[in-house]
Amino acid sequence: MEIFGSLQSLGIEWGTGVMFILLLLLLLTGMPLAYVTLMVALIFALGWFGPTVVPLITSNIFSFVSSFVFVSVPMFVLMAAILDRSGIARDLFDAMKIVGGKLRGGVAIQTIFVAVILAAMSGIIGGEVVLLGLVALPQMLRLGYDKHLAIGVVCAGGALGTMVPPSIVLIIYGLTANVSIGDLFTSAFVPGLMLAGFYVTYILVRSYMNPDIAPIPTEEDDTSLAEKLKLLKGLILPLCVVVAVLGSIYGGVASVTEASAVGVFGVILSTIVRGEFSLEMLKGAALQSLRTVGMIVWIGIGASALVGVFNLMGGINFVSSLITGISDNPLVVLLFMMLILFILGMFLDWVGIALLTMPIFVPVVVSLGYDPVWFGVLFAMNMQVSFLSPPFGPAAFYLKSVAPPDISLGTIFRSLLPFICLQILAVAVLIAFPGITGR
């Protein structure tokens, strides 16, 4: 232990700096975040306190992974995985063609509507971006839409799963901040629709200012009334699932965990009704869910260990005092925290950001007199930006995996800039008018 004995002699100020630098250096090696946080937590646990502190770290990890609400995460991930393998998204898009009609920018607008419905079914963004990239992007490019507008709509629309309940981001925040997930869902619903409304308004303004970027389809619509009614049937099953999931939560019939099971049952039933269900499909969806949830759990374990050690060191109190010492004005402190989240979002996964920063930020927010539920919605809106912002915006990489070869990653990131500005505007509106969340 003499090897590590010098760590405690650094003091909390230098110890925090060394911990941050060590995290950064290990992340630059390409090592997964979960392993980095675990390694740093172990080094500082042994170096600062010795082996006796290890049981305290494991108890901190156990309290995170054993939370009953955490069961809802694999359920919602499974919903998204089944949706990914079904034709529900394609039928949704075809049904929304009728709504879009001859409206300029109509295909882009219907893509946003489909994205909202898909977000309300699963709350996962990866599958949404890929689905819209396979279904909506080729359609917009075929009709002569500006590729930058089409790319931005697909990525920004696909990322709406962060805001629209049942959002996994809100569930993880609720677990970390120890606030009601039902309250988070209720408060995030209107802001999520507001952001979608910003996208639709932007599409309409751009389309009518420059008609060339969103041409109205010239081909005749020879779809009969019977065929249109058949297409509209594609809306019935998804909307039933949305009503079952969100209705059971908002109506007080089921908890978030129970509603997630209702959602999985609804999606499986939908695939049976559509004749798409098979054991092979269910097996593939289950394996995909295990991979995704395994990643979230491991990041959670690493982050819980690191935060536990940092808390024992007195680091959380130290960082909290640093943040609150920025200014006597609570708004300035809040904006500073938003800036930190924005910068972290450019480099880290949202799960890691939530689990590493919320134990520090939420007590500060409460001490400033702000509502932690409102702050949770604000955090989710900030994470919207992280999904699109370079250099590691995951939505861009998801789309690149299914986009035509001539669309480069640089083109995708350039296309996302206007939508990033709209997301920042949404954050500003939420700060200026907190009543939008109903809090």
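Phe375 touches Tyr173, Leu334, Met338, Met358, Phe361 and Val365, leaving aside residues up to four places away in sequence; contact here means heavy atoms within 4.5 Å. This is a predicted model, where local features need pLDDT of at least 70, side-chain atom pairs count only at pLDDT 80 or more, and totals for chains, interfaces and linings use all residues. Numbering runs from 1 along each chain as its sequence is written, and side-chain values use heavy atoms, with hydrogens and water left out.

Phe375 also stands out in the largest nonpolar core: of its 158 residues, Ile172 and Phe375 touch the most other members. Such a core is a set of buried (under 20% relative accessible area, 1.4 Å probe, protein chains only) Ala, Val, Leu, Ile, Met, Phe, Trp, Tyr and Cys residues joined through side-chain atoms within 4.5 Å. Helix 15 supplies the largest share of this core, 13 residues.

Here are the helices of this report (DSSP runs of H or I, at least four residues, numbered from the N terminus).

| Helix | Residues |
|---|---|
| Helix 4 | 54-65 |
| Helix 9 | 147-158 |
| Helix 11 | 181-209 |
| Helix 15 | 279-313 |

The axes of helix 9 and helix 11 (lines fitted to C-alpha atoms over the stretch in contact, with angles from 0 to 180 degrees between N-to-C directions) come within 11 Å and cross at roughly 170°. The pair is therefore roughly antiparallel, a term for angles over 145 degrees. Leu149, Val153, Ala156 and Gly157 of helix 9 meet Tyr199, Tyr202 and Ile203 of helix 11.

Finally, Thr58 sits in helix 4, with C-alpha atoms 9.0 Å apart between Thr58 and Ser304 despite 246 residues of sequence separation.

Key:
Helix = DSSP H or I, 4+ residues; strand = E, 2+ residues; numbered from the N terminus. Parallel < 35°, antiparallel > 145°, perpendicular 65-115°, else oblique. Buried < 20%, exposed > 50% of the residue type's maximum accessible area, 1.4 Å probe, protein only.
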